[in-house]
Amino acid sequence: MRAKRMARLIGYSLLQAGPVLVVATFMVFALMQLVPGDVAIALAGENATRARVEEIRILYGLDRPILAQYGSWLWKMAQGDMSVSMLSAEPVFDSIQRRLPVTLLVVGLAMLASLAVGIPLGLTAAMHPRRLVDFVVTAFASLGIALPGFWLGMILVSIFAMSLNWFPVSGMAKMATDPWGAVWHAILPAVALAASGAAEVARQTRSALLEIQSSQYMRTLLAKGLPQSQIFWKHGLKNISVTLLTVTGLLFNRLLGGTVVIEAVFAISGMGSLVVTAATGKDYPVIQGVMLTMVVIVVAVNLVIEILYAVFDPRITTR
Amino acid sequence: MAVSSLLDVDNLGIFFETPRGMVPTVSGISFSVRPGERVGIVGESGCGKTVTGLSLLGLLPPQVARVSGRALFEGRNLLTMSRSQLRRLSGAGIGMIFQEPMRALDPVFTIGEQISETLRAHTDVSRREARLRSIAALAEVGIPSPERRYDDYPHILSGGMQQRVMIAMALICRPRLLIADEPTTALDVTVQAQIIDLLHRLSDERGMALLFITHDLGVVAELCTRVLILYAGQIVEDAAIESVYRAPKHPYTAALFQSMPRLSLRGKPLPVIGGRVPGFADMPGGCRFRDRCAYAQPGCVRKPELESYDDRRVRCFRACDLTLPGAV
């Protein structure tokens, strides 16, 4: 029965993710249509001849109806053909393939750090409400949320990279040949990125556990004489896991967005710096490729989280 | 008396810390429960009946609640024993069930797991054995096909079934006393009757004492042998069920009976007790019921004690000379 419920839920979540993907990809596609003036002229560049513009128009299929254009665009994208950069002439798919692992490494480390620091802090604070440790954690959390990541990044670099020489100042090692070097390079950016994440996780964990502690079933657990450790580790943690999942999902989306600034500060060539360069150079194929990749990743992560909800909370079923 | 009683509460007082200082919610509560006896605690909302029940197992919020007095369970003081001693007694010697079973059960664990873990917290049994005994307990409280229900989550069950699960869980370690805090208030009338019957039967079969907290005098009449009437944090009357229903001695008890709906009142407005319960922060001296009492005299500004008359205790100066209407 449990397996059947899970299967139905996964199917339902996939059905829900489908339309989201269609709408999101259409918006990415529509970016091209939003280019001021004639896209073909923009693509052809300055000083292009009239004939060249018409050639471009047919080459990119811009003379066809918009839905047909969307359909063939999506089909091409799905096959990994993301056309070429207008600036470097490098295939967009290749540069994404090269840069995505770097960004995922930084984001992954930042996620890990946020959860590993935020959850214990939040739990500790909630276990001693209105005591010193609670005030310290709450203050730290407010600070972490208020501090801008790029500022923290610069401070970290000046202390740990320039003065103490523990970490590299900037850049990134090749992941394929030097994976530990890559992790080494990613630590400071990940920490800078994780500060606000850890703060948010700590706050959410604290309030979730406090809410559960004042619930009536916690009183039942006391009344039936369960050991304190079992009340906390078994019932407390499983009950806050749904909140933690939600926080994790939102956190991932936020960190993915946050890398744009952090990659600039640390001169890391990831997705963030790729999209920044593309945006300033009006390199539409690259912008589209990056956005599409991000959309697919975010939708996939949310899908996984949606399914995990049901694992942790039996009340969630298909409506 | 003290030797033969299972629970002996003596001068129990409960105070809550508020921004305006310590506010007493119940004071001078003394009563005892004999093994196998079913005692009702009756009063209106806010009279202190629920906090009295919670205080016995140390379930009041520790940050704001202060408890004084003594509550001996089998000779050991519940109010001063260590957390770990109280934990070993909770669920094993004293069980407790609550008003809203849906909110009293952990939503993310199966009902079977919640019953088993109670058993395993107090006895050294294997997981398998705990499962078998939990299924037997579910069957005993009248849950159909308990083997299948074992793996159900609480939200699948109806309120009545959830309360049965709570009862099975509270009784799995065969406690000598069950504290029931308004267990039927949130349920339909027909389900209410089933739960009352169930508690009656289990208490009889096991010789288990029951402390039944409710605002419903009718339920108490069906289930209990003795009733404590609480008003504004004090016991005002303590008597056997028959005598209190036939001839209440405290004007408040009589007024409660008068305000119960009954067929003879058809078409007429239901009598109510005029005025309202005084707040705990500004409790009047003397008799706490006097402003609302139809029989009040000037002498009632003095503080009445809970005095023994025949087989009962009453907190009223006029207990001897008043003849009050009962429920029968």
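Two residues are in contact here if their C-beta atoms, placed from the backbone, lie within 7 Å. Keep that in mind as we look at this predicted model, starting with the place where its two chains meet.

**Where the chains touch**

The contact draws 23 residues from chain B and 17 residues from chain A. On the chain B side, α2 (83-89), α3 (101-104) and α4 (111-122) each bring at least two residues. Which of the helices gives the largest share of that side? That would be α4(B), with four residues. Sorted by class, the side of chain B that touches chain A holds 12 nonpolar, five polar and six charged residues.

**Chain B as a whole**

Chain B has 11 helices and 12 strands. Its radius of gyration is 21 Å, close to the 20 Å that the globule rule gives for 328 residues, so chain B is as compact as a globular protein of that length. Along its principal axes, the C-alpha trace spans about 70 × 50 × 40 Å. Buried residues account for 45% of the 328 residues in chain B. And if you take the contacts in chain B between residues at least 6 apart in sequence, 65% of them join residues at least 24 apart.

**An enclosed strand: β9**

Now for strand β9 (residues 226-231) of chain B. Six of its six residues are buried, so β9(B) is largely enclosed by the rest of the structure. To follow that step, you need the cut-off: a residue counts as buried if 20 or more other C-beta atoms lie within 10 Å of its own.

In a regular strand, side chains alternate between the two faces of the sheet. You can look for this in β9(B): Arg226(B), Leu228(B) and Leu230(B) point one way, while Val227(B), Ile229(B) and Tyr231(B) point the other way, and all are buried.

What does β9(B) pair with? Strand β3 (residues 38-42) of chain B runs parallel to β9(B), joined to it by four bridges. Gly40(B), for instance, has Val227(B) in β9(B) as its bridge partner. Strand β10 (residues 234-240) of chain B pairs with β9(B) in the antiparallel sense, over six bridges, and here Ile229(B) stands opposite Glu237(B). β9(B) and β10(B) form a hairpin with two residues between them, and Ala232(B) in the turn has a positive phi of about 50°.

**A helix with a buried side: α8**

Helix α8 (residues 189-206) of chain B has 18 residues, which at 1.5 Å a residue should span 26 Å; its end C-alpha atoms are 26 Å apart, which agrees. Gln192(B), Ile195(B), Ile196(B), Leu199(B) and Ser203(B) are buried in α8(B). They cover an arc of only 100° around the axis, which puts them on the same side of α8(B). An α-helix has 3.6 residues a turn, so residues three or four places apart point the same way.

What do these buried residues of α8(B) pack against? Their partners are β3, α7 (159-171), β7 (177-181), β8 (209-214) and α9 (217-223) of chain B. The face turned away from the buried side carries the exposed residues Thr190(B), Asp204(B) and Glu205(B). After α8(B) comes Gly207(B), with a positive phi near 65°.

**A four-stranded sheet**

Chain B also has an open sheet of four strands, in the order β2-β1-β4-β5, with antiparallel pairing. β2 (21-33) and β5 (76-77) stand at the edges with a single partner strand each, so one side of each is left without a neighbour in the sheet. Here are two of the pairings:

| Strand pair (chain B) | Bridges | Residues opposite each other |
|---|---|---|
| β1 (7-18) and β2 | nine | Thr18(B) and Gly21(B) |
| β4 (65-73) and β5 | two | Leu72(B) and Asn77(B) |

β1(B) and β2(B) form a hairpin with two residues between them.

Most residues other than glycine have a negative phi. Glu74(B) is not a glycine, yet its phi is positive, about 50°. Glu74(B) sits in the loop between β4 and β5 of chain B and, with 15 C-beta neighbours inside 10 Å, counts as partly exposed.

Over in chain A, Ala267(A) also has a positive phi, near 50°. Ala267(A) lies in the loop between α10 (228-265) and α11 (271-280) of chain A. Is Ala267(A) buried or exposed? Exposed, with 12 other C-beta atoms within 10 Å.

How values were computed
Residues are numbered from 1 along each chain as its sequence is written. Chains are lettered from A and ligands numbered from 1 in the order in which they are written. This is a predicted model: local features need pLDDT of at least 70, side-chain atom pairs count only at pLDDT 80 or more; totals for chains, interfaces and linings use all residues. The radius of gyration is taken over C-alpha atoms; the globule rule is 2.2 Å times the number of residues to the power 0.38. Two strands pair if DSSP finds at least two bridges between them. The expected span of a helix is 1.5 Å times one less than its number of residues. The arc is that of the directions from the helix axis to the C-beta atoms. Ala, Val, Leu, Ile, Met, Phe, Trp, Tyr, Cys and Pro count as nonpolar, Asp, Glu, Lys and Arg as charged, and the others, Gly among them, as polar.
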